[in-house]
Protein chains: 2
Amino acid sequence: MAQRNIRMVVEYDGSGFHGFQVQPRLRTVQGVLTEALQKLTREEVRVIGAGRTDAGVHALGQVVNFFTASTIPAERFAPALNGMLPPDLRVRKSEEAEPGFHARYSALGKTYCYLVYRCRQGGALMRNYALLYDGELDVSAMQEAANYALGRHSFKAFCASGSEVRSYVRNIKEFTVSEERRWLKITVTADGFLYHMVRNLAGTLLEVGKGQRRAEEMARLLQEGERSQAGATAPPQGLYLVKIEYPGAHSLDSWQLPVV
Amino acid sequence: MAQRNIRMVVEYDGSGFHGFQVQPRLRTVQGVLTEALQKLTREEVRVIGAGRTDAGVHALGQVVNFFTASTIPAERFAPALNGMLPPDLRVRKSEEAEPGFHARYSALGKTYCYLVYRCRQGGALMRNYALLYDGELDVSAMQEAANYALGRHSFKAFCASGSEVRSYVRNIKEFTVSEERRWLKITVTADGFLYHMVRNLAGTLLEVGKGQRRAEEMARLLQEGERSQAGATAPPQGLYLVKIEYPGAHSLDSWQLPVV
């Protein structure tokens with residue numbers, strides 16, 4: 001039977017998942033999604049994800065694809081799956097993709113946001129959805145540090161040590177730090193990310209914001225590529241996979257963060 | 001020993017609590033808070049709350065008070081308790097109150113917000129923090145309906161049937177419906193609320209917004225006082241106790257909703 005390629009945009013609350021990637025005996029996004037799809041199609045299904053988010057990391061616009069011989073109309077996968085999936089995992093959209101589409105390899109860029117919520121002795125409602133921080137943050141110094149990272153660089157200093165990759169070079173196309181009410185939002189778009197790269201960049205920017213580092217250090221960190229010299233890994237609950245970019249006109253909307 | 005009266009502003013994520021009020025063998029805000037206070041002061045402590053929120057209802061500015069002979073400085077209760085409390089319950093502030101202060105009886109007014117998040121096939125991240133609704137809502141009709149309820153009325157049609165109260169008359173001082181991005185926010189301030197009153201008002205406004213009722217019906221509902229004629233009770237997860245007002249100048253800030 002002819003295999004169709006189906007692409008879906010997926011949202012999840014990372015709090016209850018051990019990350020995206022399937023792991024034996026652990027609740028993962030890929031695992032739960034695969035199980036629901038296999039129940040629905042009565043086939044063996046392999047779910048391919050655009051980005052492997054860590055435990056606790058959220059997604060508004062994760063993209064996955066899978067091949068199926070099922071005759072279910074492409075757009076019906078979203079509502080059918082949502083009827084079976086737990087409420088912390090939703091399929092926002094499903095559609096037919098070209099046969100060569102691969103959620104990970106076809107991606108031209110990805111956008112992540114990192115949220116900081118500034119509160120004193122509070123944060124019960126936001127504890128799983130932002131880094132809670134009480135104190136001053138110099139936003140313009142953070143933006144200055146971010147500007148050094150724009151463009152093509154080796155991001156070895158921001159890659160989890162022990163990761164095996166062919167190249168540490170990535171191209172950051174956008175890197176902004178913005179403030180709204182009690183929120184601080186770091187938005188970063190690149191052609192790809194190394195393991196822990198966003199959380200390590202966010203952690204370093206936060207140290208700049210607190211005045212523990214100067215913004216100019218960013219240039220040296222990028223040049224020297226020493227993980228031990230860069231900032232601490234920011235905790236997962238502030239991180240959101242917001243959007244994946246693919247070539248050509250396509251109908252995958254970008255999704256706004258609920259909060260800012 | 002002289003008993004001091006301590007007032008605290010409390011924030012909680014209602015998702016994990018069976019409401020505010022203590023109940024045997026159930027996790028409640030009052031129960032968890034009382035237990036922590038008793039451990040801290042080594043006294044029998046009675047926690048008085050301004051509003052009894054239902055299971056699933058959140059609070060940013062719940063106010064409680066209690067009497068204690070402890071010598072702990074008033075402002076130290078907040079950090080000391082936060083070191084013992086679970087992360088879904090935080091004390092935002094603690095301070096000395098006048099001896100006659102009573103969190104419930106001294107209150108002049110309370111403000112609640114009800115949040116609706118408009119999304120199609122999504123909402124994994126907001127499922128516990130808003131009513132998810134996919135469809136058109138006529139915000140100006142909702143505001144028109146809300147305007148009928150402003151001022152002193154009997155709110156019998158919006159009180160959970162079976163509630164025993166001396167009077168159904170309450171005074172609504174502010175009642176607004178606003179929109180921002182994907183959010184719809186209903187804000188209502190009154191001198192007091194009947195059981196389920198905000199959720200019943202919100203449910204009725206939503207029916208007006210969907211075009212299932214005309215805004216003018218609000219006048220008739222208020223006049224006739226028939227619970228069965230008013231709208232359905234909106235689900236608890238959209239509701240936030242935001243602020244309690246007390247006489248005189250006091251230092252209890254109001255707390256902004258994290259989202260809008």
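Predicted model: local features only at pLDDT ≥ 70, side-chain atom pairs only at ≥ 80, totals over all residues.
**Exercise 1. Describe the side of chain B that touches chain A.**

Solution. 
- Count the residues. In chain B, 27 residues are in contact with 27 residues of chain A.
- List the elements that give two or more residues. They are strand E1 (4–12), helix H2 (77–82) and strand E4 (89–97) of chain B.
- Pick the largest share. E4(B) supplies it, with five residues.
- Sort by class. This side of chain B holds 12 nonpolar, six polar and nine charged residues.
- Compare the copies. Of the interface residues of chain B, 100% are also interface residues in chain A, so the copies meet through the same surface.

**Exercise 2. Divide chain A into domains and describe the contact between them.**

Solution. 
- Domain 1 of chain A covers 4–106, and domain 2 covers 109–242.
- Over C-alpha atoms, they lie 27 Å apart.
- Count the contact. Domain 1 of chain A gives 14 residues, and domain 2 of chain A gives eight residues.
- Sort the domain 1 side by class. It has five nonpolar, eight polar and one charged.

**Exercise 3. Which residues of helix H3 (residues 139–149) of chain B are buried, and what do they pack against?**

Solution. 
- Identify the residues. Met142(B), Ala145(B), Ala146(B) and Ala149(B) are buried.
- Look down the axis of H3(B). The buried residues fall within an arc of 100 degrees, so they line one face of the helix.
- Recall the helix geometry. An α-helix has 3.6 residues a turn, so residues three or four places apart point the same way.
- Find the partners in chain B. The buried residues of H3(B) pack against strand E7 (151–154), strand E8 (169–180), helix H4 (197–209) and helix H5 (217–224).
- Step past the helix. H3(B) is followed by Gly151(B), with a positive phi near 95 degrees.

**Exercise 4. Which residues touch the most other members of the largest nonpolar core?**

Solution. 
- Size the core. It has 146 residues.
- Find the residues. Leu205(A) and Leu205(B) touch the most other members.
- Trace the contacts in chain A. Leaving out residues up to four places away in sequence, Leu205(A) touches Met142(A), Ala145(A), Ala146(A), Val177(A) and Ile186(A).

Key: Residues numbered from 1 in each chain as written. Chains lettered and ligands numbered in written order. Buried ≥ 20, exposed ≤ 12 C-beta atoms within 10 Å, placed from the backbone. Helix = DSSP H or I, 4+ residues; strand = E, 2+ residues; numbered from the N terminus. Arc of directions from axis to C-beta. Contact = placed C-beta atoms within 7 Å. Nonpolar A, V, L, I, M, F, W, Y, C, P; charged D, E, K, R; others polar. Domains from an automatic or database assignment. Core = buried A, V, L, I, M, F, W, Y, C linked by C-beta atoms within 7 Å.
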